[in-house]
Amino acid sequence: MSSNNHEGVQKFVFDSIAIFGPEPEEISREATLESLDVDSLDLVELGQLVEEKYGVRLQPQDFEDVSTVGDAVDVIATKVQ
Amino acid sequence: MREPVIITGIGAITPLGVGASVLHDRWAAGECGIEDGIGRCAGFEPADWLSKKEIRRTPRFAQLTLAATEEACTQARWTEGLPCEPERVGCVIGTGLGAQTTLETQAVTYVERGAVGIPPLQVATALGNSAAVSVQLRYGLKGESYGVVGACAAGAQAIGAALRMIRGGEVDAVVVGGAEAAISDIVISSLQIIGAISKVGISRPFDRRRDGFVLGEGAGVLVLESADLARQRGAPELGRIVGYGASSDAFHVTAPPPDGAGSIQALFAAFRQAEIEPGDVQYVNAHGTSTPLNDRTETLALKEVFDSHAYEVQVSSTKSVIGHLVGAAGAVEAIATLCALKTRTVAPTVGLEEPEEGLDLNFVPRSAQPLREPEPDHPPIAISNSFGFGGHNTVLVMEPGAAPLHDGGPPDEGAGASDGPR
């Protein structure tokens, strides 16, 4: 399934983050979660969306070293693949 | 203890529109905000007042509260910052059903999607304190904050609580009010089963054809300040709350005692605290739900308390034009009461055309009346009654101040709520 590849995961994460509040044009791999006002509760929700879509469960510590959207995409893509 | 607490800001989102003045002006003109038997805040657009994140993280009753708070704080001239140390500002918001509709939606989500569909903040947003928390977070209020849960009297009970906090010296100011947004099939079904809600969808308090209340939603918020703080900073003094009285019926889950004993007790307690005589009151903003029981019992209580003066005092019901706002009612109606005092205009009990035998007070039928003149050198005084399911009875006593009312409306910048006044 093509959405499981890195590109598919990235699109999924971008779309999910847009639900939390940021404007879609603000969201890029380089944007920090802090600058987008994405907080720990949003990351929990992102984890739920990932679980529902890909069937993998993320733990809060998986996001420990995540500071940009790209970091989050990479963590999730690694889990999914 | 008569020490008055000063009202420096008011804000209301109601089925008559956005803004406290809109509520008064439209009501005084005899307009009704009820459509298809429901009092919805159709003119309220959350995105005008809240950021996308705030909208996602707040139930509707808290969203209405934030909008009403913005209006009230603007009026109080808090836009440049809080008027005192944040530790000296509290927040109390009453509600009846709180996040009922959010819970209902999430119950369906849980059935359809399971645990992964439940938002992380499900519990936090569904708590009855979430409106108070939203306000406290946005404005950085660090005095005590909490929700008051007293059914149809909650909004007035919140004001009573704020009065005690200020008079007791715990804080210098309180953002206080009530909010409700629980229009749902489940709520309506339950109210239908017990015969509380109008089958024909018409609110006509004190009319002999009345058959129950109309469910409404909305929020009312007041900024209250100690007399010292208001004076020091030259705050706009819209009015004063000079007394509060409350009681419990200890009688029945939903019905008032037929002799009105609980409301009579609350009325006398309010008069005592305000140090006034019943004859000093010009206007009563009635609880006036349009249920057969309330309107009969409330009339009886007013006759008992006011005695011969009962036929002189003006009595009207805001619920005739917006329906019953449950936990918001007490706060919204306190605001409507203040507007009547300030404009010297008593808005009418709309829909009252065929009085019931014995319900023969001046219920201001058909159209607005000029507020009765007080004795020379006396301020006009009005009271607002709120009686709740569970037997909560509350009465607020108010006087007008000199500052003009302001016209409300969303902030010019639109959303951007997170950058709001601190």
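What follows covers the contact between the chains and then the cysteines.

## The contact between A and B

Keep in mind that this is a predicted model. Chain A brings 16 residues to the contact, and chain B brings 11 residues. Between them the two chains bury about 1,200 Å², with 43% of it on carbon and sulfur atoms. On the chain A side, the residues that lose the most area to chain B are A:Leu41, A:Gln48 and A:Glu52, which together make up 43% of what that side buries.

## Charges and polar pairs

The rule picks out 5 salt bridges across the interface of chain A and chain B. One of them joins B:Lys53 to A:Asp42, with the closest N and O atoms 2.6 Å apart.

On chain A, the elements giving two or more residues to the side that touches chain B are helix H1 (6-20) and helix H2 (40-54). H2(A) gives the most, with 8 residues. Sort the residues of that side of chain A by type and you get 8 nonpolar, 2 polar and 6 charged.

B:Cys91 is in none, and the nearest cysteine sulfur, that of B:Cys73, sits 9.1 Å away. B:Cys91 is buried, at a relative accessible area of 0%.

B:Cys339 is in no disulfide either, with the nearest cysteine sulfur, from B:Cys41, 16 Å away. With 1% relative accessibility, B:Cys339 counts as buried.

Methods:
Residues numbered from 1 in each chain as written. Chains lettered and ligands numbered in written order. Predicted model: local features only at pLDDT ≥ 70, side-chain atom pairs only at ≥ 80, totals over all residues. Heavy atoms only, no water. Contact = heavy atoms within 4.5 Å. Buried area = accessible area lost by both parts, 1.4 Å probe. Salt bridge = Lys/Arg side-chain N within 4 Å of Asp/Glu carboxyl O. Helix = DSSP H or I, 4+ residues; strand = E, 2+ residues; numbered from the N terminus. Nonpolar A, V, L, I, M, F, W, Y, C, P; charged D, E, K, R; others polar. Disulfide = S-S within 2.5 Å. Buried < 20%, exposed > 50% of the residue type's maximum accessible area, 1.4 Å probe, protein only.
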